[in-house]
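I opened a notebook for this structure. These entries record what I looked up, one topic at a time.

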Amino acid sequence: MLSNMNNITIKLKHIYWKLIPYPCRKKLEQITLHRYKRKVISELKSNIKNKNNVQEFQKILDRIITHGLCVYNYNFVDNYSLQQYIKNIRYDKDKAMYYAIRNGNKMYLSKKYNTAEMAAICYRNICVEQDKNSPHRYLSKNFNIIRGGILVDIGAAEGFFSLDNINNFRKIYLIEYDLNWIQALNETFSNEIGKKVIIISKFASDINNDHCITIDKLLQNENLDKLTIKMDVEGAEAKVLDGCKQCFALAKEVSAFITCYHRPNDNKELLHYIKDFKYEFSQGYMINLFEKKLRKPYLRKGIIRARKK
């Protein structure tokens, strides 16, 4: 029943996207976000009044007032026009899937993105997310991958992180449960570059069963000299980290890039799992508009970058 309702919702969304032009959808989006906009502005004004990070919060406030509310309320977003991404989207008739060319490789997208515009928006969002000034950027100058080791890409989705770093690791595990993304990943990594890639169609978690696997179990037979973890699991980060304790302890070197914006207090609670690591937060703040009901604090840090060596 739930699966049928989800399918109906997806189909209705596709109809809406096809019938309503992109500029009109953006305006309608701001209307629906108006009640959240007032709450976010109130939080920003309160922080500014209390002398909390005044300069940055003032810039975010000014941006929201002039441009409306979005996930990343910074000027760098203006560098990513939709049209430039529509031009770079291709359609594979044999696979009935759209793909983007990324660093010379085909990166297939889920069949849920079944028009060129939808595929372009998906790919644009990936590029915005990883802009050097984005709060969701995984890597930084001081916290980077560990070359020559193992990468575990948890919540892989389209697999851009693994594709970008395909030559930097001896083995890559992609963990993804969504069957639409699994199909896309199988196509992206079907050629020569996929020889070092293993796709795991399960949830990463703190238990092991038919649908879930811990990272400790996944890596129990691996040489953990150099380990890189990238994690974006929609609020299940604590469970995944519970299942990483053994490999974190055994690995000689670990780099971890963990989303910390899905739940209100993750930027504090997730630090419990990396007590022996040096860490930093990504710059800036983001607003998790993907939440069904937006909760305080509205402005959150995006990524925890951590390193043990």
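Predicted model: local features only at pLDDT ≥ 70, side-chain atom pairs only at ≥ 80, totals over all residues.

**Entry 1**

I began with S11 and S14, which run antiparallel and are joined by four bridges. I count two strands as paired if DSSP finds at least two bridges between them. Strands (E, at least two residues) and helices (H or I, at least four) are DSSP runs, numbered from the N terminus.

Residues are numbered from 1 along each chain as its sequence is written, and side-chain values use heavy atoms, with hydrogens and water left out.

**Entry 1: the seven-stranded sheet**

Which order do the seven strands take? I read S6-S5-S4-S9-S10-S14-S11, an open sheet with mixed pairing. S6 (197-200) and S11 (278-281) are at the edges with a single partner strand each, so one side of each has no neighbour in the sheet. From one strand to the next, the twist averages 10°. Here angles run from 0 to 180 degrees between N-to-C directions, and axes are lines fitted to C-alpha atoms, for helices over the stretch in contact.

**Entry 2: strand S10**

Next I looked at S10, residues 253-259. Six of its seven residues are buried, so I wrote "mostly covered". Buried means under 20% relative accessible area, exposed means over 50%, and partly exposed lies in between (1.4 Å probe, protein chains only).

I then checked both partners of S10. S9 (residues 226-231) runs parallel to S10, with six bridges joining them. Lys230 has Phe257 in S10 as its bridge partner. S14 (residues 303-308) pairs with S10 in the antiparallel sense, also over six bridges. There, Val254 is bridged to Lys308 in S14.

**Entry 3: the three-stranded sheet**

I turned to an open sheet with the order S1-S2-S3 and antiparallel pairing. S1 (89-92) and S3 (105-108) are its edge strands, each with a single partner strand, so one side of each is left without a neighbour in the sheet. The twist averages 40° from one strand to the next. S2 (residues 97-102) pairs with S3 over four bridges, in the antiparallel sense. Ala100 stands opposite Met107 in S3.

Which helices pack on this sheet? H6 (residues 116-129) touches S1, S2 and S3, and its direction makes about 35° with that of S2. H8 (residues 179-188) touches S2 and S3, with its direction at about 170° to that of S3.

**Entry 4: a helix pair**

Two packed helices are described by the angle between their axes and the distance between the axes. For H3 (residues 34-49) and H4 (residues 54-67), I noted an angle of about 155° and axes 9 Å apart. The two are therefore roughly antiparallel. The cut-offs are under 35 degrees for roughly parallel, over 145 for roughly antiparallel, 65 to 115 for roughly perpendicular, and oblique for the rest.

Which residues meet? From H3 I listed Lys37, Val40, Ile41, Leu44, Lys45, Asn47 and Ile48. They meet Val54, Phe57, Gln58, Ile60, Leu61, Ile64 and Ile65 in H4. Contact means heavy atoms within 4.5 Å.

I found a cis peptide bond between Lys296 and Pro297, with omega about -10°. Pro297 is in the loop between S12 (286-287) and S13 (299-300).

Two residues other than glycine have positive phi. Phi of Ala157 is near 55°. Ala157 is in the loop between S4 (150-154) and H7 (160-164). Glu234 has a phi of about 55°. Its loop runs between S9 and H10 (237-242).

Is each one buried or exposed? Ala157 is buried, at 18% relative accessible area. Glu234 is exposed, at 62%.

**Entry 5: Leu219**

Last, I looked up Leu219, in the loop between H9 (215-218) and S9. Leu219 counts as buried, with 2% relative accessibility. Tyr173 is 46 residues from Leu219 in sequence, and their C-alpha atoms are 9.6 Å apart. Leaving aside neighbours within four places in sequence, Leu219 is in contact with Ile150, Val152, Tyr173, Leu224, Leu227 and Cys247.
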